Amino acid sequence: MAATAILPACAPRAQTSPAESGGPGGPFALVNQDGRPVDQSVLKGKWSVVFFGYTFCPDYCPTTLTTLGKAMDDLGPKAKDTQVVFITVDPARDTPAAMKSYISSRVFPKNMMGLTGTPAQVARAAKAYVVYFQKEGTGPNYTMDHSTALYLMDPDGKFHGVIADGLTPEQDADQISRAMSGA
């Protein structure tokens with residue numbers, strides 16, 4: 001697994017390795033930013049970067065999505081065969097409308113969907129991807145600790161690998177491009 005940076009309110013936790021769990025990924029049932037039900041079939045047909053986070057994240061999530069936005073630009077024509085799937089770990093605040101507004105940022109990937117659901121649905125999706133998350137604090141300004149892996153899924157929706165943490169947009173684009181080329 002890739003090394004992860006420790007950030008306040010977004011601190012990563014130890015995870016089960018893909019070898020121990022059979023690889024991240026699996027069935028999920030959530031709703032997209034338009035409120036339409038979706039399942040793991042949204043990963044079929046394109047390379048997907050699956051990232052778990054939340055819209056109120058003060059640092060890691062917006063930085064990561066901005067980096068991925070630039071990486072998608074750097075992919076050039078290959079970007080049409082990729083998508084970013086942002087799954088919330090904070091379904092209490094991240095409604096479909098909140099996700100739609102958040103992912104519309106001009107610096108985030110244009111080819112991104114935001115997924116949310118009930119707490120139980122989000123927990124099942126997180127478990128399938130071996131994602132840790134936990135609410136920290138009380139009141140309206142709570143934060144969410146969560147793991148920070150970026151999962152690269154192939155066009156069959158199967159786990160291909162983890163994109164290393166803290167890379168430049170060019171390095172992210174290179175990892176995605178090499179995977180797409182079979183390297």
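These are my notebook entries on one predicted model.

**Confidence**

I looked at pLDDT before anything else. The protein chain has a mean of 89. Of its residues, 87% reach 70 or more. I then checked residues 1-21, where the pLDDT is below 50. That stretch still has 50 contacts in the model beyond near neighbours in sequence.

**The sheet**

I traced the strand order next. Seven strands make up an open sheet, and they run E2-E1-E5-E4-E3-E8-E9. The pairing is mixed. Which strands stand at the edges? I found E2 (37-39) and E9 (159-163) there. Each has a single partner strand, so one side of each is left without a neighbour in the sheet.

I went to E1 (residues 29-32) and its link to E2. The two run antiparallel and are joined by three bridges. I picked out Ala 29 in this pair; its bridge partner is Asp 39 in E2.

Leaving out residues up to four places away in sequence, Arg 36 touches Leu 30 and Val 31. Its side chain also makes a polar contact of 3.4 Å with that of Asp 34. I compared its position with Pro 96, which lies 60 residues apart from Arg 36 along the chain. Their C-alpha atoms are separated by 8.8 Å.

I followed E3 (47-53) into E8 (residues 150-153). Four bridges join E3 and E8, and the strands run antiparallel. Ser 48 has Met 153 in E8 as its bridge partner.

E8 and E9 also run antiparallel, with four bridges between them. Here Leu 152 stands opposite Gly 161 in E9. Five residues lie between the strands of this hairpin. Gly 157 takes a positive phi there, near 80 degrees.

How do the side chains of E8 point? Leu 150 and Leu 152 go one way, Tyr 151 and Met 153 the other. All four named residues of E8 are buried.

**Helices across the sheet**

I checked what H3 (residues 96-103) covers. It lies across E1, E4 (82-88) and E5 (112-116). H3 runs at about 155 degrees to E5. H4 (residues 119-128) lies across E1, E3, E4 and E5. I read its angle to E1 as about 110 degrees.

**Helix H2**

Does the length of H2 agree or disagree with its residue count? H2 has 15 residues (60-74), and at 1.5 Å a residue it should span 21 Å. Its end C-alpha atoms are 21 Å apart, which agrees. I listed its buried residues: Tyr 60, Cys 61, Thr 64, Leu 65, Thr 67, Leu 68, Gly 69, Ala 71 and Met 72. Gly 76 follows H2 and has a positive phi, near 60 degrees.

I kept Val 130 for last. Most residues other than glycine have a negative phi. Val 130 is not a glycine, yet its phi is positive, about 60 degrees. I located Val 130 in the loop between H4 and E6 (133-136). Is Val 130 buried or exposed? Its relative accessibility is 14%, under the 20% cut-off, so Val 130 counts as buried.

Notes: Residues numbered from 1 in each chain as written. Heavy atoms only, no water. Expected span 1.5 Å × (residues − 1). Buried < 20%, exposed > 50% of the residue type's maximum accessible area, 1.4 Å probe, protein only. Pairing = 2+ DSSP bridges. Contact = heavy atoms within 4.5 Å. Axes fitted to C-alpha atoms, helices over the stretch in contact; angles between N-to-C directions. Polar contact = N/O pair within 3.5 Å; in protein donor to acceptor, adjacent residues only side chain to side chain. pLDDT = per-residue confidence, 0-100.
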